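Me: I am new to this structure and would like to learn how its features are read, one at a time. Could we begin with the open spaces and then go on to the parts that are packed inside?

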Amino acid sequence: FVELARQAKGLELHGLDFSADMVQQATANNKALIASGTLTLTHGPSDRMPFADAVFDRVLCINVLYFWDDPAAHLREVRRVLKPGGTFTAVLRRKSAMERLPFAPYGFTMYEQADWETVLHNNGFTPVSTTVITEPGVDYEGMTYTPESLVMVARVA
């Protein structure tokens with residue numbers, strides 16, 4: 001959140017997480033931003049967001065798509081809370097990078113770029129751009145993995 005807050009003066013950031021533990025941790029890590037009124041954090045589901053219609057210029061999610069049992073429900077909510085002309089950015093690890101991780105077969109729905117573009121199109125979004133990020137290798141249980149993520153930006157169609 002700190003890096004985002006540095007991007008522009010008067011920026012308002014709102015965080016939402018399904019995990020109460022993550023909201024608690026983010027609250028502890030971002031006390032100054034919360035105290036200044038720049039950041040608010042909320043515990044709740046992204047398929048029933050506790051926000052008014054058309055309030056956000058941008059919606060960003062990082063590494064959460066894997067857990068959406070019904071992507072259409074979450075994307076309806078993203079469309080609902082976005083202002084006209086707003087953008088939705090999803091950051092996700094590529095299926096080809098994730099499927100080698102020993103925990104990935106349990107509870108993860110994985111996507112390649114074309115897969116997620118299809119989901120976006122089927123739910124009223126038009127992909128605008130995709131950036132591929134290759135991160136340094138990570139050691140996990142004696143093996144080295146090279147995480148590769150997609151940063152995919154879309155607009156309401």
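**Reading the pocket, the core and the charged pairs**

Reply: Let us start with the largest pocket, which in this predicted model is lined by 48 residues, and those that lie nearest its centre are His-14, Gly-15, Leu-16, Leu-60 and Cys-61. The space within this pocket comes to about 1,700 Å³.

Me: Which helices and strands supply at least two residues each of the lining of the largest pocket?

Reply: They are strand E1 (13-17), helix H2 (20-29), strand E2 (39-43), strand E3 (56-62), helix H4 (71-81) and strand E4 (82-93). E3 gives the most to this lining, with seven residues. By residue type, the lining of the largest pocket divides into 27 nonpolar, twelve polar and nine charged residues.

Me: How should I read the largest nonpolar core, and which of its residues have the most contacts inside it?

Reply: The general idea is that in soluble globular proteins nonpolar side chains tend to be buried together. Here the largest nonpolar core has 28 residues, and those with the most contacts inside it are Leu-65, Leu-75, Phe-88, Leu-92, Trp-116 and Phe-125. At least two residues of this core come from each of E3, H4, E4, H6 and strand E8 (148-156), and E4 gives the most, with four residues. To follow one of these residues, take Leu-75, which, leaving aside its neighbours within four places in sequence, is in contact with Trp-68, Phe-88, Trp-116, Val-119, Leu-120, Asn-123 and Phe-125.

Me: Why is H4 described as largely enclosed by the rest of the structure?

Reply: Eight of the eleven residues of H4 are buried, and therefore the helix is largely enclosed by the rest of the structure. The buried residues are Pro-71, Ala-72, Ala-73, His-74, Leu-75, Glu-77, Val-78 and Val-81, and what covers them includes E3, E4, H6 and E5.

Me: How many salt bridges are counted, and which residue pairs with Lys-83?

Reply: Side chains of opposite charge can pair when their charged atoms come close. In this model the count comes to seven salt bridges, one of them between the side chains of Asp-57 and Lys-83, at 3.6 Å from N to O. Asp-57 lies in strand E3 and Lys-83 in strand E4, so this pair ties together parts that are 26 residues apart in sequence. Asp-57 is partly exposed, at 49% relative accessible area, and Lys-83 is also partly exposed, at 32%.

Me: Which side chains meet that of Arg-94 in salt bridges?

Reply: The side chain of Arg-94 meets that of Glu-112 in a salt bridge at 3.0 Å, N to O. This pair links distant parts of the chain, with Arg-94 in the loop between E4 and helix H5 (95-98) and Glu-112 in the loop between H5 and H6, 18 residues apart. Arg-94 also meets Glu-148 through their side chains, at 3.2 Å, N to O. Because Glu-148 lies in strand E8 and Arg-94 in the loop between E4 and H5, this pair ties together parts that are 54 residues apart in sequence. Arg-94 counts as buried at 18% relative accessibility, whereas Glu-112 at 21% and Glu-148 at 23% are partly exposed.

Methods. Residues are numbered from 1 along each chain as its sequence is written. This is a predicted model: local features need pLDDT of at least 70, side-chain atom pairs count only at pLDDT 80 or more; totals for chains, interfaces and linings use all residues. Side-chain values use heavy atoms; hydrogens and water are left out. On a 1 Å grid over the protein atoms alone, a cavity is a set of points where a 1.4 Å probe fits but cannot get out, and a pocket is an open set with protein on both sides within 12 Å along at least five of seven lines; lining residues have an atom within 4 Å of a point. Grid points are joined across faces, edges and corners, and a volume is the space filled by probe spheres set on the points. Ala, Val, Leu, Ile, Met, Phe, Trp, Tyr, Cys and Pro count as nonpolar, Asp, Glu, Lys and Arg as charged, and the others, Gly among them, as polar. A nonpolar core is a set of buried Ala, Val, Leu, Ile, Met, Phe, Trp, Tyr and Cys residues joined through side-chain atoms within 4.5 Å. Buried means under 20% relative accessible area, exposed over 50%, partly exposed in between (1.4 Å probe, protein chains only). Contact means heavy atoms within 4.5 Å. A salt bridge is a side-chain nitrogen of Lys or Arg within 4 Å of a carboxyl oxygen of Asp or Glu.
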